[in-house]
Amino acid sequence: MMLRPLLAACCLLLPSLAHALNLGAIRPDEVAIWMAPQDGGPAIVQHRADAPMNPASTMKLLTTLSALELLAPDYRWRTELLADARPRGDTLDGPLYWKGGGDPHFDRNDLAALARDLRGRGIRHLAGDVVLDKQRFARTGSADDFASDSDKAFAVPPDALLAHLKVVWTTLFVQPDGVRVALDPPLDGLKVDNRLTVSQQANCEGGVKRYASLSAQGDTLRLEGALPAGCDGGKLFAPVWEHDAYQAAMFAALWREAGGSLAGQVRRGLTPANAVTLASVSSPTLAEVVRDINKYSNNTMARQLFLTLGAEFVQEGDVLRDGEAAVRRWATQRKLALPGLQLENGSGLSRRERISAAGLGALLQAGANSPYAPEFMASLPIAARDGTLRRRFVGQPVEARFKTGSLNDVRALAGYVKAVDGRRYALVVLINSPRASELTPAMDALVAGLIRHPGRLEAEP
């Protein structure tokens, strides 16, 4: 059976298909579409499928699937505290080395566990410096043209000692005399300018972000707004400072919380070869981390993973270039054609990254046939249920798992769908247009149309 292309000539949709697909407000030159049986086989729909497109966060599919197959789902990162001198009683006279392994998931609980283990050895006083060892990622790469978003959590850059994603969470407690603010993690030197008031409204309809704002301004967190009583316990978060300053403040606070004291400074440096591990903590498994990356589209964690591939599969000694080389070698070994592939950081937080809809489609088919298909497929958001799809396709008979993508001029979906006839497909829709932010409803309607009428897209015998 010949398959009927979606594209007539170069740029016009066949009228019957345009109707079946409910293309709506999307122009043919703004979108690329690819749809094929999930487990393999040629596409039943292709429209501009080989055109290199900015995929936004759907690029994370390439990074996460290659990592699962190259590192295996049980891979873990390790973070250590080391010293090259023996403690004297309850005092460590020499430096304490905090050595990063590039853990994307390392948080305040992990650092608190390291501090407790150090105290368990009988060490109370750190007389020397705490040295931040970041040699695992000597270079972290770029996300060009996002300087204006440097105060946003989605733009936090990677770091070999990434801690708590470099954000501070505030919990807001509505009390009769005002709003109390609690910080997690506590950070030495961070002040709170609490301008929140209590409103007369009772419920918190729409969530706490509708009523309160949080911004970081130097050493100060400013909270503003009028909070209804129903928002009690609500949370807001914001990134603060640069990585070194954040890590220094977090260590000082949690070490003191564990009952320790610090006389020296927190600075960068390298761990001597003869240093001995005093405490260590391992991350969750890669399978768990991949789930967080794809469900919630975490750019920082995806970039950490991309760099980890470079650190694990060394070629030139440049962790960024080696990460890209590892991904490309894997794709070649898997016989994946990825037309127009361009990589910057592997997360999709990029104006430069490119991949085609057909390339993403081939990747999805490879994922469905991977030894680690359960881990990969389970990492994708479920339509109307969780992650970045929690509020999409609500009330619609759409059974799908999609990785989403969103930039100013990009909207993207790539994942797996079940059609009404029971067949399962891999589906990619990429929109690159200055109007992209307006076209999400039309994109969702397009997907719903494909799921309802896949049979209309095949040719007559």
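A nonpolar core is taken here as a set of buried Ala, Val, Leu, Ile, Met, Phe, Trp, Tyr and Cys residues joined through side-chain atoms within 4.5 Å. In this predicted model, the largest such core has 56 residues, and Trp34, Leu62 and Leu286 have the most contacts inside it. Beyond its neighbours within four places in sequence, Leu286 is in contact with Ala67, Leu68, Leu71, Ala72, Pro73, Tyr75, Trp77 and Leu305. Another core, of 45 residues, lies apart from the largest one and includes Phe106, Ile123, Leu132 and Leu227.

Two packed helices are described by the angle between their axes and the distance between the axes. Helix α2 (residues 60-71) packs against helix α6 (residues 299-312) at an angle of about 40 degrees, and their axes are 10 Å apart. Angles under 35 degrees count as roughly parallel and those of 65 to 115 as roughly perpendicular; α2 and α6 are therefore oblique to each other. The crossing of α2 past α6 is left-handed. On the α2 side the contact is made by Lys60, Thr63, Thr64, Ser66, Ala67, Leu70 and Leu71. On the α6 side Asn299, Ala302, Leu305, Phe306, Thr308, Leu309 and Glu312 take part.

An open sheet of 3 strands, with mixed pairing, has the order β12-β14-β13. Strands β12 (191-198) and β13 (212-217) form the edges, each pairing on one side only. From one strand to the next, the twist averages 10 degrees. Strands β12 and β14 (residues 220-227) run parallel and are joined by 8 bridges. Asp193 has Arg222 of β14 as its bridge partner.

Technical notes. Residues numbered from 1 in each chain as written. Predicted model: local features only at pLDDT ≥ 70, side-chain atom pairs only at ≥ 80, totals over all residues. Heavy atoms only, no water. Pairing = 2+ DSSP bridges. Helix = DSSP H or I, 4+ residues; strand = E, 2+ residues; numbered from the N terminus. Axes fitted to C-alpha atoms, helices over the stretch in contact; angles between N-to-C directions. Buried < 20%, exposed > 50% of the residue type's maximum accessible area, 1.4 Å probe, protein only. Contact = heavy atoms within 4.5 Å. Parallel < 35°, antiparallel > 145°, perpendicular 65-115°, else oblique. Left-handed = near helix turned anticlockwise from the far one by under 90°.
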